[in-house]
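Grab a pencil and work through these exercises with the model open beside you. Each one has a task, then a solution taken in steps.

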Amino acid sequence: MKTKIAILFLALALMVIPMVAGNPAEAASTVKPIKIGVMLDQTSWGSVTELLTIPGYKFAADEVGSINGRPIELIFEDTGYNPSIAIDKARKLVERDNIVLSLGPGLPAEVKAVAPYLTKNKVPVIPQYPKPLASLKEENWVVFPLGTNPMFGYASGVFAAEELGAKTATTAGLDFAGPHDYVAGFTQAFEERGGKVIQSQWFPGNVVDFSTYILNMKDADIAAVVFFGTLDVPFFKQYRELVKPGKRPVVWLWDEFDMAVNRQLLNGPAEIPTYSASALTYKDPQTRKDFLARYAKRYASVPAESAPFQLGYYIASIGLQALKMTGGEGGDALWKALLAMDRDSIKGRVKFTNKLMDTIVQIMKVEAGDAHYELVPAKQYRIHGEWNSDRTAIIKSVVK
Amino acid sequence: METAIQILTFGISFGTVLFLASFAFSVSLGLMGVINAAHGAIFMISGFTGITVAVQTDSWLLGVLAGGVAASLVALVIYLGFLQLLYKQALPQILVTFGWAFALSNISLWIWGGMTRIVPEPSFLTASVNFAGFPIPSYRLAMTGIGIAAFFLIWWMQEKTKIGAIIRAGMDDAETLSALGINLKPVIIGTFCLTSGLSGMAAVAASPVIGGISFGTWTYVFFMAIAITIIGGLGSVQGAFAGAIIVGVLWVGLATFFPALPTIGMYVGMVIILLFRPWGLLGRKP
């Protein structure tokens with residue numbers, strides 16, 4: 001009996017001691033990694049896009065490797081596109097992992113949830129997407145590498161007026177802050193150029209049948225629509241069924257098109273002239289080619305969807321460049337480095353003014369492909385946003 | 001006038017699809033006294049399953065049948081494993097079925113991810129037809145016809161067959177029926193699985209009309225089913241049909257004039273019915 005008890009205690013000791021002592025290899029090394037949190041939706045409706053950005057984050061980290069001899073460590077956390085989960089993950093990343101930088105989260109509500117906590121703990125945030133205009137007014141450590149939602153919509157308004165020659169537009173979108181922002185930007189640009197938005201429709205978030213809204217669209221030169229997540233495909237499918245071919249072109253104010261799954265779901269080319277606004281841009285075609293070649297050389301393959309993966313790389317590279325400037329240190333030094341940054345990137349110049357960067361928007365044309373549709377670049381715009389006196393960003397000009 | 005015709009046409013069309021999606025909920029509530037909170041999740045997972053089969057086999061029909069089989073099997077597991085052990089315990093039944101709803105929705109997310117799925121329509125139903133001056137997809141017309149046909153078939157089974165009589169008697173007084181020597185249990189199981197199976201087939205077939213099947217489908221199908229059941233009256237297929245048509249026309253009508261209000265309008269309608277006629281329009285007054 002005593003022997004059995006002794007063996008039991010020995011087994012427990014063998015289990016507990018390593019847990020308490022830690023990893024001998026780590027203990028022997030005095031080099032602490034630079035830890036960067038990457039908050040993404042990996043399991044909810046945003047995962048369709050965000051999972052595809054992961055190779056880009058890893059590529060950026062692998063290219064840098066280490067800063068001042070300290071290896072880069074990315075810690076991926078799943079927010080499930082849920083602000084309350086995002087704040088839990090943020091706490092874990094700060095209190096257990098001691099991150100110096102947060103890449104993501106993506107959803108504006110998630111950023112709003114985590115930003116005050118991360119700011120209080122001196123961890124800057126670089127989100128993956130354009131953000132609501134209202135977020136710019138908050139005094140949080142959040143930078144805007146893709147600009148704001150209205151700036152993004154603005155590019156589509158310019159395109160609709162100048163390239164398509166549209167004089168009237170009808171808009172439609174989900175009834176929450178993001179789509180309202182996009183449409184506001186579109187409307188501003190469109191009406192600055194002599195156009196008129198003759199109708200705006202806002203759908204509740206749980207709409208399942210778009211046919212009524214589509215049939216109620218007024219007879220305008222163009223329809224500007226914005227959806228997120230999983231609703232763009234059903235909407236566009238019903239739009240093609242209910243609108244005559246060639247009539248009322250559609251401009252998507254935010255691109256969810258460039259994914260193989262979307263192409264497969266829509267089963268065939270679009271007969272209605274269709275354009276989408278994409279954030280997934282490169283400085284020039286050679287930069288794109290070189291970037292993909294570098295990835296292929298390192299990993300012997302290229303991800304199936306180059307577009308979202310490019311976004312992950314871009315966001316990560318901004319953060320890593322700032323960390324290089326501080327020698328791997330976080331806190332105030334890192335935040336100042338981000339705000340002072342002025343460098344080149346795969347998308348062109350990275351320079352923040354009052355936390356805000358110009359946004360580069362590529363308008364893509366949807367054209368018939370062999371079995372499904374293809375996206376062809378139509379026009380690229382650089383949208384510059386400038387503060388007014390009460391810090392409501394006013395879109396100042398378009399630099400083409 | 002054209003607007004009114006458009007509202008009625010699309011409202012009835014949408015309503016018949018809602019009927020197919022929700023009548024199983026109404027019947028299980030009336031027959032078993034169970035609020036099957038997993039109804040929407042069964043609908044969703046069977047939709048995913050059937051659409052996957054349809055895409056892999058390039059057969060719309062096989063996909064629809066697969067959706068029905070999947071729904072029946074899931075319903076069978078839920079009933080045999082859980083619901084039959086909680087006879088006449090309303091709150092535990094609700095909690096268990098809610099648990100199942102969350103489990104099934106996360107299983108769906110794990111297997112199929114966050115993207116919306118839509119079944120490819122048969123090639124002869126991809127065109128739109130002109131009706132009273134506006135286009136209507138022929139697939140939508142076909143689904144409307146199927147929904148109406150399904151209503152009459154189910155109504156006939158309920159009203160004109162022996163099984164239907166047993167089901168209706170079981171709704172009224174299960175104990176007396178048992179005392180007469182009629183074993184209600186296989187009828188309950190069969191009805192629960194069959195109605196779920198029909199709902200599963202509807203999930204696949206109706207996916208092009210209801211915005212596809214996605215991770216969030218289970219919540220709106222469940223809450224739509226509650227609204228339809230309350231408005232129409234529980235326990236009868238006529239009530240489910242009437243409720244669905246009313247909700248469909250109300251939804252389309254509100255979407256036409258007040259685009260942001262259809263959901264609110266549906267629940268306001270439900271509240272009005274609960275206040276003034278809580279047994280529903282075609283339900284039986286207690």
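**Exercise 1.** In this predicted model, work out what share of the contacts in chain B with a separation of 6 or more comes from residues 24 or more positions apart.

*Solution.* Start with contacts in chain B whose partners have a separation of 6 or more; residues 24 or more positions apart make up 76% of them. Next, look at burial: 55% of the 286 residues of chain B count as buried. Then check the overall dimensions. The C-alpha trace spans about 60 × 45 × 35 Å along its principal axes. A compact globule of 286 residues would have a radius of gyration near 19 Å, and chain B has 19 Å, so the two agree.

**Exercise 2.** Find which parts of chain A are linked by the salt bridge between A:D332 and A:K122.

*Solution.* Take the distance first: the closest N and O atoms of A:D332 and A:K122 are 3.3 Å apart. Then place the partners. A:D332 sits in helix α15 (residues 331–340), while A:K122 is in the loop between α6 (108–120) and β5 (125–126), so the pair, 210 residues apart, links distant parts of the chain. As for accessibility, A:D332 is partly exposed at 37%, and A:K122 is partly exposed too, at 38%.

**Exercise 3.** Are A:K237 and A:E241 buried or exposed?

*Solution.* These two form a salt bridge, with the closest N and O atoms 3.1 Å apart. They are four residues apart in helix α11 (residues 232–242) of chain A, which means about one helical turn separates them. Now for the answer: A:K237 is buried, and so is A:E241.

**Exercise 4.** Which residues of chain B does A:T212 touch?

*Solution.* Locate A:T212 first: it's in helix α10 (residues 211–215) of chain A. Its relative accessible area is 3%, so with the cut-off for buried at under 20%, A:T212 counts as buried. Then list the neighbours: leaving out residues up to four places away in sequence, A:T212 touches B:V252, B:A255 and B:T256.

Conventions: Residues are numbered from 1 along each chain as its sequence is written. Chains are lettered from A and ligands numbered from 1 in the order in which they are written. This is a predicted model: local features need pLDDT of at least 70, side-chain atom pairs count only at pLDDT 80 or more; totals for chains, interfaces and linings use all residues. Side-chain values use heavy atoms; hydrogens and water are left out. A salt bridge is a side-chain nitrogen of Lys or Arg within 4 Å of a carboxyl oxygen of Asp or Glu. Helices (H or I, at least four residues) and strands (E, at least two) are DSSP runs, numbered from the N terminus. Buried means under 20% relative accessible area, exposed over 50%, partly exposed in between (1.4 Å probe, protein chains only). Contact means heavy atoms within 4.5 Å. The radius of gyration is taken over C-alpha atoms; the globule rule is 2.2 Å times the number of residues to the power 0.38.
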